[in-house]
Amino acid sequence: MDVVSDAISAVRIGQPSSQRVRVGGDWCTRLAPYEGAGFHVVLEGRCLLLPDGGEPVELGAGDAVLLPHGTGHVLAAAASGATVDPARAVPFERWMDGTAGRRFPHLSTDAATATDGTAVEMLCGKYRLDRRHAHPLLAELPPLVRLPARGEGADPGLRSAIELLGREVGERLPGSGVALPSLLDLLLVYMIRSWATTASSTADGGGAGTWPAALGDPVTAAALRAVHADPAAPWSVALLAAEAGVSRPTLARRFTALVGRPPMAYLTWWRLTRGAALLRDGREPLAAVARRVGYSTPYAFSHAFRREFGTTPGQYRAGPGAATA
């Protein structure tokens, strides 16, 4: 795989979920903080989003927003000159189960009754994530990523994904049970890719641990591609430098500056992180997991795993409630 794909695969668990919401009039709803990542895509109209501790963001038709750290937030009608009052926000769950409209007069969930141009239609969803060993690429994402699907700098791939997803959620065509989760995963890839591309074009490349800059640097990116394509290979600094077409000192200097750790330290960390994902998601024997991530014996893998993560592979597989002594 590549870095972005692996970063997502290492933390994604379960199935993503989404709901198509159509609302008009004066409305305001709150989504609580979530142990995962949330997203919204505006298909029609416009609305305001107020993240906890942040400033309101206006979203228009075609815009997507990713909340990669599960930040709590308020969504509200975007009436001209309106401000968001979080105190009047209806919990999203009560809004969606149909009771909020009756209990809170300010809320209208019938967009057909909206004759003042306030109707908005959007996709609201979330991804379940296991953040125990998240890739630093995801950790560097800001609390809120706004991605316009139209205008200057818009990603045509993201726009296409939004159009496909909107149609699939709205019409529930045959096969949607397979298509919808795949399109939601595709949306997450496009949102993270679009952020990384935009950030790398503006980064100066000099900050340690700046992952968009690392992905935009041809030397570092070549070494990362090699490691992620085959983490079990017997890599050395010399072999990775050959993949990047530079000397060993050049690779070591640029890789460490951008990734935040030397090439071989990153390789070891990624092998163990990949091993953790295999332990979490499957039932392969420990020896098979060890071989897939470049360790010749289960003992060698277990020793390195405990040194890195403070627990044994068996305890990790058993779950967070298992003993770690």
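Predicted model: local features only at pLDDT ≥ 70, side-chain atom pairs only at ≥ 80, totals over all residues.
Good morning. I begin with a strand pair: β1 and strand β9 (residues 120–128) pair in the antiparallel sense over seven bridges. Strands here are DSSP runs of E with at least two residues, helices are runs of H or I with at least four residues, and both are numbered from the N terminus. Two strands pair if DSSP finds at least two bridges between them.

Residues are numbered from 1 along each chain as its sequence is written, and side-chain values use heavy atoms, with hydrogens and water left out.

On β7, Leu48 stands opposite Ala76, and strand β4 (residues 47–51) pairs with β7 in the antiparallel sense over five bridges. Strand β2 (residues 28–31) also pairs with β7 in the antiparallel sense, over four bridges.

How many residues of β7 are buried? Five of its five are, and the strand is mostly covered. By buried I mean under 20% relative accessible area, with exposed meaning over 50% and partly exposed in between (1.4 Å probe, protein chains only).

Let me stay with β7 and turn to His73, which lies in this strand (residues 73–77). His73 counts as buried because its relative accessibility is 5%. Its bridge partner is Leu31. A polar atom of the His73 side chain lies 3.0 Å from the backbone oxygen of Thr71. For reference, a polar contact is a pair of N or O atoms within 3.5 Å; within protein, one must be able to donate a hydrogen and the other to accept it, and residues adjacent in sequence count only if both atoms are side-chain atoms. Not counting residues up to four places away in sequence, His73 touches Thr29, Arg30, Leu31, His40, Leu49, Leu50, Pro51, Asp52 and Leu67, where contact means heavy atoms within 4.5 Å.

Next, the nonpolar cores. A core is a set of buried Ala, Val, Leu, Ile, Met, Phe, Trp, Tyr and Cys residues joined through side-chain atoms within 4.5 Å. The largest one has 57 residues, and those with the most contacts inside it are Tyr127, Leu187, Met191 and Tyr266. Helix α6 (residues 176–202) supplies the largest share of this core, eleven residues. A second, separate core of 20 residues includes Trp27, Val42, Ala77 and Phe92. Returning to Tyr266, its contacts beyond four places in sequence include His135, Trp211, Phe255 and Arg261.

What of the cysteines? A search of the whole structure finds zero disulfides, a disulfide being a pair of cysteine sulfur atoms within 2.5 Å. The sulfur of Cys47 is 8.0 Å from the closest cysteine sulfur, in Cys124, which is too far for a bond. Cys47 is buried at a relative accessible area of 0%, and Cys28 is likewise buried at 0%.

Finally, two local points. Helix α1 (residues 3–11) has seven of its nine residues buried, so it is largely enclosed by the rest of the structure; among the buried ones are Val3, Asp6 and Ile8. Asp2 caps the N-terminal end of α1, with a side-chain oxygen 3.1 Å from the backbone nitrogen of Val4. Ala61, in the loop between β5 (57–59) and β6 (64–67), is partly exposed at 39% relative accessible area. The C-alpha atoms of Ala61 and Met122 are separated by 8.7 Å, although the two residues are 61 apart along the chain. Thank you.
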